[in-house]
There are 2 protein chains.
Amino acid sequence: MIVEQLKLFLSTNTGACYTALMVGSTVKVEVGSEAGTRSRALDAASEIRSRIARGELAPGERVPEAKLAESLGVSRNTLREAFRALSEEGLITQIPNRGACVAIPNINTIIDIYRVRRLVECQAVTEAMPRHPAIARMRRAVEAALEAQDHDDWSRIATANIEFHRAIFELADSARLNRMYAQLTSELRLAFGLIDDPAYLHAPFLERNEAILELLEAGSTEKASAALRDYLLLAERILLAGYERATTEG
Amino acid sequence: MIVEQLKLFLSTNTGACYTALMVGSTVKVEVGSEAGTRSRALDAASEIRSRIARGELAPGERVPEAKLAESLGVSRNTLREAFRALSEEGLITQIPNRGACVAIPNINTIIDIYRVRRLVECQAVTEAMPRHPAIARMRRAVEAALEAQDHDDWSRIATANIEFHRAIFELADSARLNRMYAQLTSELRLAFGLIDDPAYLHAPFLERNEAILELLEAGSTEKASAALRDYLLLAERILLAGYERATTEG
DNA sequence: GCATACATGATTGTTGAACAATTAAAACTC
DNA sequence: GAGTTTTAATTGTTCAACAATCATGTATGC
């Protein structure tokens, strides 16, 4: 039966829940609602993620299982399942027999992240297809950042900046690289969080993003790539310097 | 105390176990033995990995927890911990409420892997530093493959080929990209396993690897990169064609 | 014969208690 | 203050149990 085959195909190739049924001569497929597929472990992971983002759990902070499990209202086994997702994202570091702690961004990690970004982002821009849909997303991110700048809303500027670079990764048309970007921004956010001057971090780059975008829109991919390379080298330098000041004075 | 600070530094930045102690005026650091840090969950993961590699667990095969846990002599919770590592490697797919199965390499995954490889490997070669240590590793892999060819030992040829490309990733000097390579080769091995003619898969590439290497050793990085690109496009085509035959006839 | 609904069985996700092993912290000694 | 021993805390694992979910089998209607 087509419905059964479709269910099997979809369940094998994705992790999502689907409802498939015949409606006349059409197979109607509905994606299961997000709420219906949530597990307690994933909810716990989300809550931990939020606590990290809010600074309630600080980089390097030990998170004892029993205490945290009780605080979240789940069992310790379930918390370990949650740690699994967070560990994959790089937000949590688990050391055998010593427990879990919030990841500390370290200098090697930051350097590595920027090295990867230069390789991937610059090459993605060099090889970008004209009128690739991601270019429009870059444009929207630039406009969002400019609007947020008018309000001195640095949190929104930071988010728009991350979206801009996500779109650059998406130029490469690779799900795997997109997942990588998601992970490395999780880790970068930890580093950003250590620096208490977001304007210093993000302000120098609005005009640069716009210049890169305009070169790209004009089809000058090599020039856009070179400008992006300069951008990333500068961003790395600023983050490393800020990180060093934050961890030295702290 | 320097010993305590060193322990803290090491434990925060790596997952390894260290013993640090003062010996005279020198701090002596010993890395904990591998055997001492093994956990039951990691042992279970290794055994599952081996079973997959030996074909005892086939792509797409459901692996019910209770049965497998009993077969491995661990509890179900421990098995779920093992699944965690394997899921991160892409060897296992876990679907909520449906259980775990051995990952099925699918066409989209293979295409994505080769897209990523072209972006990363070709750029790594283009920007390779002269006399980078990874170039020597490429040379050793080529020699190992040629020797294995004399014995028609296709398993060793496949391994040497994977080592050759690992070394190319290492040209980029990024731990993150090296980890990515480890994961994508795990997934590629699943696809290779579906094709029952290893000679067909690997034989065409020995001479190409050697040509790429010689261009690189001669400092012609752009030519090496172009040759690598051709290689990867051909390898993708051969794998996709073989995969399609295997999954159509199967 | 096919489609649908319901019942049954199998499996997963979670809970909680327990215990061995490991690590961290405190106490003690020199 | 440094080193050693003891104690406490925590992690990794096991087990049993149960609710929830899914898969499979059976019965019924068209």
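Let's start at the boundary between the two chains: in this predicted model, chain A and chain B are joined by 6 salt bridges. One to look up in your viewer pairs A:Glu187 with B:Arg176, where the closest N and O atoms lie 2.9 Å apart.

Now widen the view to the whole interface. Here 39 residues of chain A are in contact with 39 residues of chain B. The size of an interface is often given as the accessible area lost when the parts come together. For chain A and chain B that comes to about 3300 Å², with 50% of it on carbon and sulfur atoms. Of the area that chain A buries against chain B, 23% is supplied by A:Arg84, A:Leu119 and A:Arg176, more than by any other three residues.

How do the copies relate to each other? The same surface serves both copies, as 100% of the contact residues of chain A recur in chain B.

For a closer look, follow helix α5, residues 107-126, in each chain. The α5 helices of chain A and chain B pack at an angle of about 100°, their axes 10 Å apart, which means that α5(A) is roughly perpendicular to α5(B). In this contact, A:Leu119, A:Val120, A:Gln123 and A:Ala124 of α5(A) meet B:Leu119, B:Val120, B:Gln123 and B:Ala124 of α5(B).

How values were computed:
Residues numbered from 1 in each chain as written. Chains lettered and ligands numbered in written order. Predicted model: local features only at pLDDT ≥ 70, side-chain atom pairs only at ≥ 80, totals over all residues. Heavy atoms only, no water. Contact = heavy atoms within 4.5 Å. Axes fitted to C-alpha atoms, helices over the stretch in contact; angles between N-to-C directions. Helix = DSSP H or I, 4+ residues; strand = E, 2+ residues; numbered from the N terminus. Parallel < 35°, antiparallel > 145°, perpendicular 65-115°, else oblique. Buried area = accessible area lost by both parts, 1.4 Å probe. Salt bridge = Lys/Arg side-chain N within 4 Å of Asp/Glu carboxyl O.
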